Amino acid sequence: MKLILLSLVSALWCVSAIGQTIVEDRDVEESQSTVEEGPNTKYYQHGFIQLGSVLNINANHSAQVSPNFGFFSYGSRGKLKLLSWLAAGWDAKYTFSQYNIKQGERNALANQTFKKQRLDRHAIDVGAHLRFNFDRRGNTLGKYLDLGAYGGLAIGNRMKYTSADSASAATGGSTVQRTVFRRLQYVQPIHYGLQARLGFNRLAVCGFWRVSQLFKKVDYLHGGVAFPELPRLSIAVELNF
């Protein structure tokens, strides 16, 4: 009888041990599967959106812009993990930029003062960077610093002028007139610069410094001299998803 009881206890213990082993193996596989698909893997691709503004940091050497909405971007970014603390990254995005140019004696982009003047720019941008990770982050983006460069091609430029004059035959009986110019020959089609990004998981603060010239010389405009530059520095808040 004792031998039978001992055999039963041994059999139950073996079944329990096998069951635990199977559960443990399954948990490890599930954990590994999760890591293979998360942000802290060898390769990771994700989307992002940016909302930013242009700053009058070099206003003494450029036309001034109003400190309001500057640009909106959305795109995709890839990351290749090189070391536990270092990764290489690249991105491609669409960007819509607005330069609301202040009017007055500093307005050098026209021969007269308007109520409003705005340059709209649509562009496709690509960038490359190195990512430096700060701490142990698990399977998240964690805290990081990106340093790199970017370049882009304008797919559309548009200058808008808004005037306020008395109603007359010349103004078509209106008190507000808006004029839009497209296919601007004095705006450079290609731009490039430097970029930096400080991230905290899904949120990041970005800075961009445009190195290239925005305007070019046109013989029949502005006395054959390029228009004064618009501010080069812009900052943005980024959301990754």
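Arg183 is found in the loop between β6 (176-182) and β7 (190-200), where helices (H or I, at least four residues) and strands (E, at least two) are DSSP runs numbered from the N terminus. The phi angle of Arg183 is near 50°, a positive value in a residue other than glycine. With a relative accessible area of 77%, Arg183 is exposed; the classes are buried, under 20% relative accessible area, exposed, over 50%, and partly exposed in between (1.4 Å probe, protein chains only). The model is predicted: local features need pLDDT of at least 70, side-chain atom pairs count only at pLDDT 80 or more, and totals for chains, interfaces and linings use all residues. Residues are numbered from 1 along each chain as its sequence is written, and side-chain values use heavy atoms, with hydrogens and water left out.

A positive phi, of about 60°, is also found at Asn201, which is not a glycine. Asn201 belongs to the loop between β7 and β8 (203-210) and is partly exposed, its relative accessible area being 37%.

Arg183 is among the contacts of Asn157, a residue of strand β5 (residues 143-164). Contact here means heavy atoms within 4.5 Å. Leaving aside neighbours within four places in sequence, Asn157 is in contact with Asp120, Arg121, Phe181, Arg182, Arg183, Leu184 and Val187. Asn157 counts as buried, at 15% relative accessibility. The C-alpha atoms of Asn157 and Phe181 are 8.6 Å apart in space, while the two residues are 24 residues apart in sequence. A polar contact of 2.9 Å joins the side chain of Asn157 to the side chain of Arg121. Polar contacts are pairs of N or O atoms within 3.5 Å; within protein, one must be able to donate a hydrogen and the other to accept it, and residues adjacent in sequence count only if both atoms are side-chain atoms.

Asn40 lies in the loop between α1 (2-37) and β1 and is buried, with a relative accessible area of 17%. A polar atom of the Asn40 side chain lies 2.8 Å from the backbone oxygen of Gly138. Not counting residues up to four places away in sequence, Asn40 touches Lys79, Lys81, Arg137, Gly138, Asn139 and Thr140.

On the surface, Ile49, Leu51, Phe69, Phe72, Tyr74, Leu203, Leu239 and Phe241 form a nonpolar patch with about 740 Å² of accessible area together. The elements giving two or more residues to this patch are β1 (43-54) and β2 (71-83). Patches are made of residues with over 30% relative accessible area and no salt bridge, like charges being joined within 9 Å and nonpolar side chains (Val, Leu, Ile, Met, Phe, Trp, Tyr) within 5 Å; a salt bridge is a side-chain nitrogen of Lys or Arg within 4 Å of a carboxyl oxygen of Asp or Glu. Tyr74 is located in strand β2 and, at 45% relative accessibility, counts as partly exposed.

The chain contains one helix and nine strands, in the sequence pattern α-β-β-β-β-β-β-β-β-β. Of its 241 residues, 37% count as buried. Among contacts with a separation of 6 or more, 67% are between residues 24 or more positions apart. The chain exposes about 14300 Å², of which carbon and sulfur atoms supply 62%; accessible areas come from the Shrake-Rupley method with a 1.4 Å probe, and for residues only the protein chains shown count as cover.

The average pLDDT (the predictor's confidence in each residue, from 0 to 100) is 80 for the chain, and 75% of the residues score at least 70. Over residues 1-34 pLDDT stays under 50, and the model has one contact beyond four places in sequence for them. Where pLDDT is low, the predicted coordinates should not be read in detail.
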